[in-house]
Amino acid sequence: MSEPAKGISRADVSHLAGLARIDLSEAELDHFAAELPAILEHVAVVQQAAGDDVEAMSHPVPVNNVFREDVVVPCLTPEEALAGAPASDQQRFLVPKILGED
Amino acid sequence: MTTETLVPVDEALEKYDPVMGLEIHIELNTATKMFCGCPTEFGAEPNTQVCPVCLALPGALPVVNAKAIESAIRIGLALNCEIAEWCRFARKNYFYPDMPKNFQTSQYDEPIAFNGHVDVEVDGETYRIDIERAHMEEDTGKSLHVGGSTGRIHGADFSLVDYNRAGIPLIEIVTRTIEVPGDKAAAVARAYVSYVRDLIGGLGVSDVRMDQGSLRADVNLSLKPKGSTTLGTRSETKNVNSFRSVERAVRYEISRHAGILDEGGSVLQETRHFHEDTGTTSSGREKSDADDYRYFPEPDLAPVSPSREWVEELRATLPEPPAVRRSRLQADWGFSDLDMRDTIGAGALDLIVATVEAGTTPQAAKKWWLGEMARRANVTGSDLDALGITPTQVAEIQALIDSGRINDKLARSVFDGVIAGEGTPEEVIVGRKLEVVSDDGALGAAVDRAIEADPDAAEKIRGGNLGVAGALIGAVMKEMRGQADAGRVRELILEKLT
């Protein structure tokens, strides 16, 4: 859905890291700014193999309309659901508050 | 937070034209969620309707609910949309604890329905609202925010999340920009939301309850100087939970934007929250880089390609179009154009339909919903269908009036009781001892006292001036504290004096 990037700047890496909520050090930013373009170059080779007559595809096989009936199936118990949660309270998942939201 | 300068709406509209966009989220009433078989019941205990798919546990794979697709297509058709021959789901990536996958499964540039329109009526004028798209997505979990001041966790704020709602199918309906005369903008916005509510409700695919969140409206609004063609910066107001609030949110944002623009400022593109109690909005979240959602096609779900035969089958299931239905009802009920306009404006059409179906005459149903109920809704600031009284109960109360057990005045007290949760109309009558007195002994004594207290009136009635009877009836009603059968009182007075 987006244009293939020719190169990736350090600012791009910083932006992407921000979107992914990954805290990168200055050294890591330098590292990825050098490494990511190399990966993109490899991808570009694959893109060359597909001519303009080949449409981009999101799924490996042309299967459409995989549906299920609207029928209730058993779910997890709250205990099971919360078993892997680092913290819970009042039968709910307890998470740090996100700042700036009500 | 800065103090806001508000310009009265009338003044604002002399200088600016509002441009609106409305987004409506409809929660479908399917038995199960969009991508898993968990139930969707409203009000269940926290985290009792969850599974590996809607909790995003590793390895869980979603499968589309066929009924949700069917409902989405029917909604699209009802909105006069085209239905996509082929479309995909997409991942909308963002981090927020109400979405455990760290993305919301939605649709991006391939909505299932697009290019539709609806016609809404305000003050006898018809306005066409163009629909850009109606797409499928899933609802999020519910967060309960707890402040550090509660002391449960020292110095820290945290949230408690219930994922019962996460994954419930939603249809988001997005309009194109709506430009109508400024003084009509708020009413048109309200009429549109009300129209969509009735339309979708008629399809039976959603409960469409604004008070329960199964229909939610966002109001996008910007102002442009009169004569200008350049769009201003818009705000997106969320949390607008009643028809009345839609109208108020539009008016408030017109006032607020005009205040900023008049002072030479610029409107921030941001999310705002509407506050029901004050009718104001407050800043939510500024749009920023964080809104780079990096949509991409959902690889775990196969594309949806509804056959044209299926679409036509579903088109055949659509109920009669609203305009046709309204004309039919108006003719059946014998309502004037004005009655009909008031009915639709108040959002009372379906309530009157249901009341009439329960056995009340259309005139009586209209009297209660547009009179007593509209007055109550206005006082409490709620919509008619959220008052806490059902069409069936209104019909029961009217039947009690028709049978002479209560009168109109007592009926109001019965409404109070039913709304206050005192039980059925019958139980309220018993509980509050509301029955009218039509026992001739008690009434006759009261009539005698009224005649004695007002000999002038009595003399006039004896002389044939029956118009004066009202004064004596009033005196009797007062003595009986309203619990008298006024018709019987009149008969008794005339029997005694003529």
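Predicted model: local features only at pLDDT ≥ 70, side-chain atom pairs only at ≥ 80, totals over all residues.
Visitor: How do you know that strand β4 (residues 90-93) of chain B pairs with β5(B)?

Guide: Two strands pair if DSSP finds at least two bridges between them. Here four bridges join β4(B) to β5(B), so the pair meets that requirement. The two strands run antiparallel, and Arg91(B) stands opposite Thr105(B) in β5(B).

Visitor: Which strands make up the open sheet of three strands in chain B?

Guide: Its order is β5-β4-β15, with antiparallel pairing.

Visitor: Why is one side of β5 (103-106) of chain B left without a neighbour in the sheet?

Guide: β5 and β15 of chain B are at the edges with a single partner strand each, so each has one side with no neighbour in the sheet.

Visitor: In which order do the four strands of the other open sheet lie?

Guide: Follow β2(A)-β3(A)-β9(B)-β8(B), with antiparallel pairing. The edge strands, β2 (88-89) of chain A and β8 of chain B, each pair on one side only. β2(A) and β3(A) run antiparallel and are joined by two bridges, with Ser88(A) partnered by Phe93(A) in β3(A).

Visitor: How many bridges link strand β3 (residues 92-96) of chain A with β9(B)?

Guide: Four, in the antiparallel sense. Leu94(A), for example, has Leu160(B) of β9(B) as its bridge partner.

Visitor: How many residues of the two chains are in contact?

Guide: 46 residues of chain B are in contact with 36 of chain A, where contact means that the C-beta atoms, placed from the backbone, lie within 7 Å. On the chain B side, β9(B) gives the most, with five residues. Among the elements that each supply at least two residues are α2 (66-78), β9 (158-162) and β14 (280-286) of chain B. By class, this side has 25 nonpolar, twelve polar and nine charged residues. (Ala, Val, Leu, Ile, Met, Phe, Trp, Tyr, Cys and Pro count as nonpolar, Asp, Glu, Lys and Arg as charged, and the others, Gly among them, as polar.)

Visitor: Why is α2(B) called roughly perpendicular to α5(B)?

Guide: α2(B) and helix α5 (residues 308-315) of chain B pack at about 65 degrees, with their axes 10 Å apart. The axes are lines fitted to C-alpha atoms, for helices over the stretch in contact, and angles run from 0 to 180 degrees between N-to-C directions. Angles under 35 degrees count as roughly parallel, over 145 as roughly antiparallel, 65 to 115 as roughly perpendicular and the rest as oblique. That makes α2(B) roughly perpendicular to α5(B). In this contact, Glu70(B), Ile73(B), Arg74(B) and Leu77(B) of α2(B) meet Val311(B), Leu314(B) and Arg315(B) of α5(B). These residues divide into four nonpolar, no polar and three charged.

Visitor: What makes α2(B) and α3(B) oblique to each other?

Guide: Their angle is about 135 degrees, and their axes are 10 Å apart, α3 being residues 182-203 of chain B. α2(B) and α3(B) are therefore oblique. Arg74(B), Ile75(B) and Ala78(B) in α2(B) meet Leu199(B), Ile200(B) and Leu203(B) in α3(B), and the contact has five nonpolar, no polar and one charged.

Visitor: Why is α13(B) described as oblique to α15(B)?

Guide: Helix α13 (residues 440-453) and helix α15 (residues 469-479), both of chain B, pack at about 125 degrees, with axes 9 Å apart. That angle makes α13(B) oblique to α15(B). The contact includes Ala446(B) and Ala450(B) of α13(B) and Leu472(B) and Val476(B) of α15(B). By class, it has eight nonpolar, no polar and two charged residues.

Visitor: Which domains does the assignment give for chain B?

Guide: Domain 1 (9-314), domain 2 (320-431) and domain 3 (440-497), with bounds that come from an automatic or database domain assignment. The centres of domains 2 and 3 of chain B, taken over C-alpha atoms, are 32 Å apart. Four residues of domain 2 of chain B are in contact with four of domain 3 of chain B.

Terms used: Residues numbered from 1 in each chain as written. Chains lettered and ligands numbered in written order.
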